[in-house]
Amino acid sequence: MNARTLDLDLARKALAAQPFSVYLGARLTAFGDGAATLELDVREELCQQNGFLHGGVLSYAADNALTFAAGTVAGPRLLTAGYTIDYLRPARGELLRAHAQVVRPGRTRVVCRCDLYVIDPAGSMTLCAIAQGAVALTADARS
């Protein structure tokens with residue numbers, strides 16, 4: 001695996017090249033040593049009708065964090081192969097933090113886990129969802 005081809009700066013450039021991530025205002029705050037952390041500010045337009053962060057936004061954050069974590073050990077040529085997410089409680093706060101870590105790096109797939117937290121104005125973190133997924137190594141991520 002060519003894990004040393006990515007660093008935090010290159011990973012941030014990859015995130016900035018994703019129009020949807022830019023629209024959401026996602027930021028990569030940590031990247032390396034088998035883990036990655038993605039954050040985004042909770043805004044009204046990202047919430048559902050009851051005022052909770054929409055499950056699709058949580059799912060997006062899990063998907064991207066899982067793939068970036070895999071990139072720390074496998075390099076940049078990756079695609080999500082699949083993941084599951086369990087919503088534990090409604091997400092209400094001002095910041096969403098998705099922290100993913102590699103569970104098992106394989107030759108063709110990397111299995112990762114992601115914990116998703118919302119952080120309130122006082123800085124208190126609440127675990128709102130967990131995800132686990134497999135990220136596939138590709139010969140060409142655009143194929």
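Predicted model: local features only at pLDDT ≥ 70, side-chain atom pairs only at ≥ 80, totals over all residues.

Student: Is Asn64 buried or exposed?
Tutor: Its relative accessible area is 9%. Buried means under 20%, so Asn64 is buried.

Student: Which side chain does Asn64 join in a polar contact of 3.2 Å?
Tutor: Leaving out residues up to four places away in sequence, Asn64 touches Leu15, Gln18, Ser21 and Leu38. The polar contact of 3.2 Å joins the side chain of Asn64 to that of Ser21.

Student: How many salt bridges does a search of the whole structure find?
Tutor: One of them pairs the side chains of Arg27 and Asp41, at 3.2 Å from N to O. Arg27 lies in strand β1 and Asp41 in strand β2, so this pair ties together parts that are 14 residues apart in sequence. For the whole structure, the search finds 4.

Student: What is the N to O value for the salt bridge of Glu39 and Arg97?
Tutor: Glu39 counts as buried at 10% relative accessibility, whereas Arg97 is partly exposed at 24%. Their side chains meet in a salt bridge, and the N to O value is 2.6 Å.

Student: Which residue meets Arg113 in a salt bridge?
Tutor: Arg113 counts as partly exposed, at 33% relative accessibility. The side chains meet at 2.7 Å, N to O, and the partner is Asp115.

Note on methods:
Residues numbered from 1 in each chain as written. Heavy atoms only, no water. Buried < 20%, exposed > 50% of the residue type's maximum accessible area, 1.4 Å probe, protein only. Polar contact = N/O pair within 3.5 Å; in protein donor to acceptor, adjacent residues only side chain to side chain. Contact = heavy atoms within 4.5 Å. Helix = DSSP H or I, 4+ residues; strand = E, 2+ residues; numbered from the N terminus.
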